[in-house]
Amino acid sequence: MNRTDDRLLPVLLICVQAVVWPGAALVRGDAPAASALLVALLVAGPVTAALALRRTRPVTTVVVVAAACALGAGPLPVGAVAVLGTAGVALALFTVATERDPFTAVLCVVALAGWQLLQGITLHGLSDRNGLDLVLTALLYAAACGAGFLVRRTRRARRAAERLLKRAEAERHRLPAAERRRMERELHDVSAHHLTAVVVTAGAALGLRERRPELAAEALEFAVGTGREVTRALGAVRAPTPSREELPSPQERLLDLVAGFRRLDQRVECEIDALPDGAVADAAYGIVREALTNVARHAPGAPTSVLCRYGDSRTEVVVTSAAPPTGATAHAAGLGGGRGTGFLRSRAREAGGTLTSGPTADGGWQVRAELPGRTSAEVRRTVPRGYRPAQLTAALGLVLQPLLPALIIRAEPTAAGSTGSQVSAGVLFALLAAAQAVALLWLRRAPRAAHTVLLGLPLLWPVAMAAGDYTGPVALPPALSMLATCAMLASTAARRPTPALPVLAAAVHAVAATAAVLDRGTTVPLWAVAGAATAGAGLAAAAAQWGGVLRGRRERAARGTREERLAGWTEEAVRDAWAERRRIAAGLETTVLARTADMVAEAEAGRLDETAERAREALAAMRALLDAVREEEGKGGTGPELRPQPTLQALDLLAHQLRATGREVEIRLTDRVPSRLPTEVDLAAYHAAETVLAAGGEEPAILELDADDDTLTLTATGVPRAAGPAVQERLAARVEALGGILTTGPQGTVSLRLPLAPLAPVDENKKERQP
């Protein structure tokens, strides 16, 4: 919401409060006193101002609203601050639950409920209704807090999904460029270390042919061996092994960075985990590089430690340097631009993390960054030490504040002359409500036990009414007990609807409500009471079940849309990268490889002049190809016309893209998988692997490919969503077209068997003529 929305609700509450009081009193002809109106204005002003700032200072808003309404409740008539004291405090608690951590929100609810109970005791004394009032107040506050938790969790899930999509989209643009750089680097290495050596060796042998004729034979032999090595190396460039990462990993890049600083006489110790290539790895590399540069610039020779720890929820990057040695001269201290700290924080912020830096106790300096981990979750600042005790102390002080006047309140004797010992119904209700709340907290962890408790506790509410001599509205306690059951039904239906559960819940609550009414005594026939109770409980249970089903559908639809976008971006990234590989490979086949083969043939024929010429032509063709790659990179990559269908040789690109978005994927190929497969099988196997791995999930996935004489087997584990009907339908279509077999095993295992000799197309006319 924006600022206008933040002011709208407080103004609306003030208007509603004005209608309740003094509006209702004026309609009845009772004009309130001027002093009462002045007090009401003094209460409404701070409450409205505090609620308008509730998003920036939610806890302060709760304290201000509660204190102002409590001060106005004494001199003002009943109902003068009812709306502000209930809806205003509930709105403030809702904001605390959405904007702060759960510990703070629960602490505010408990402290506020206890403080309000003690405040009511100091104003009105101790009565049997205090327990019921506490239950109603706690339910209101708990409902506001629970709604805030739901909104907070929904926002966090949406932000996490947005970050994941943003990360996937960024990697979609990175992967083709990364593949281009890999091939460019390897082509350069081949030209520098192989073809150049052939040109130099052949040229030297030609220059010394007269004086040292034996060099010609050596040059020819070297040209043959080097030509075959070039052919092999270029074949690896065109089709790298899918299970091997060709680019340097982020861990290797960081280790090389540390080694470079060690060569500058910097004492650097490091502990670096393996990182997936992507935005987080780039941010970690940039932060470590900048931090080590600052150490070398301002504290040369200082012992430094580098820690890079990759975890499920966050990635920690810590660079700590000790004080510089005595007598060390910082020759480069004045060469910095003064933007290093801002650069570090911007790199961490762009990756979705945070960064802090400052001096250490021994006179050194530390840079600490917390970046997203495997789950790509949002990184939140850690709570400082002593913050929680301060919160508890403040809450305890708020609760104990009304106790001073409460200590002088004495219990009133009963008619028999002694204090009563009977437990009030309010206390029993509070205990039952607490039990239901605890059962709701265990709903996800132990659903069956929680269901049993939540369906059994409603039967105890009529017992509590009778044991506590409850004289209030007979329908109120059953309705309160129904709230927890409705929350349970909605939460369960959102995950997996169970038709029998709402029926059982409605029956239990109907029995409880009927027993409560009959115990109070009524002239209404039993069938009418039971019918009304059943209808009410059934409607409430059906509404909760329906709401949960709708929520589950929305969540599944949102998850499906997100996964579809991720799969689409993954497919596009791999296709673009595969197009880069095929484009460069086509240039290799038509120029470099052809001239290299001619070079080998001329060398085997013993023609040194032609061998040197073919080597120079191959080297020139390699450099022309490199120039073409750089020009294409400057133009922004390949065009839409260069998008060939990937095959199994593109599995390394697929794994690279999935790892970059936070998914742990491992691809294993056995030696029995042939390097050349039938085109139909090659395409179908890749698209099946792409469909399975793109199905989503947070579990580490393993894709294994094996082959025997006539069958290619593809087995994927750790992909539970691949067992869904939509994924199964796409896989079955690809497998059945080749006469293969699709099986689904336990714990997210999918297996596909494709015949290496695809089925020939069947002539339908011949098929009809068969008996």
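Predicted model: local features only at pLDDT ≥ 70, side-chain atom pairs only at ≥ 80, totals over all residues.
Visitor: Which residues of helix 9 are buried?

Guide: The buried residues of helix 9 are V280, A281, A283, A284, Y285, G286, I287, V288, E290, A291, L292 and V295.

Visitor: What describes two packed helices?

Guide: Two packed helices are described by the angle between their axes and the distance between those axes. Take helix 3 (residues 58-73) and helix 4 (residues 82-99): their axes come within 8 Å and cross at roughly 165 degrees. Angles over 145 degrees count as roughly antiparallel, so helix 3 and helix 4 are roughly antiparallel to each other. Their crossing is left-handed.

Visitor: Which residues of helix 3 meet helix 4?

Guide: From helix 3 they are P58, V59, T61, V62, V65, A66 and C69. On the side of helix 4 they meet L84, G85, G88, V89, A92, L93, T95, V96 and E99. The residues of this contact divide into eleven nonpolar, four polar and one charged.

Visitor: Now single residues. Is V199 buried or exposed?

Guide: Buried means under 20% relative accessible area. V199 has 18% relative accessibility, so V199 counts as buried. Its place is in helix 6 (residues 129-207).

Visitor: What does V199 touch, leaving out residues up to four places away in sequence?

Guide: V199 touches A615, R616 and L619. Separation along the chain and separation in space can be read side by side. V199 and R614 are 415 residues apart in sequence, and their C-alpha atoms are 9.0 Å apart in space.

Visitor: How many residues apart in sequence are A233 and L187?

Guide: A233 and L187 are 46 residues apart in sequence, and 8.9 Å apart from C-alpha to C-alpha. A233 lies in helix 7 (residues 214-238). With a relative accessible area of 13%, A233 is buried.

Visitor: Where does H687 lie?

Guide: H687 is in helix 21 (residues 679-693). Its relative accessibility is 8%, so H687 counts as buried. Not counting residues up to four places away in sequence, H687 touches R575, Q645 and R734.

Methods:
Residues numbered from 1 in each chain as written. Heavy atoms only, no water. Buried < 20%, exposed > 50% of the residue type's maximum accessible area, 1.4 Å probe, protein only. Helix = DSSP H or I, 4+ residues; strand = E, 2+ residues; numbered from the N terminus. Axes fitted to C-alpha atoms, helices over the stretch in contact; angles between N-to-C directions. Parallel < 35°, antiparallel > 145°, perpendicular 65-115°, else oblique. Left-handed = near helix turned anticlockwise from the far one by under 90°. Contact = heavy atoms within 4.5 Å. Nonpolar A, V, L, I, M, F, W, Y, C, P; charged D, E, K, R; others polar.
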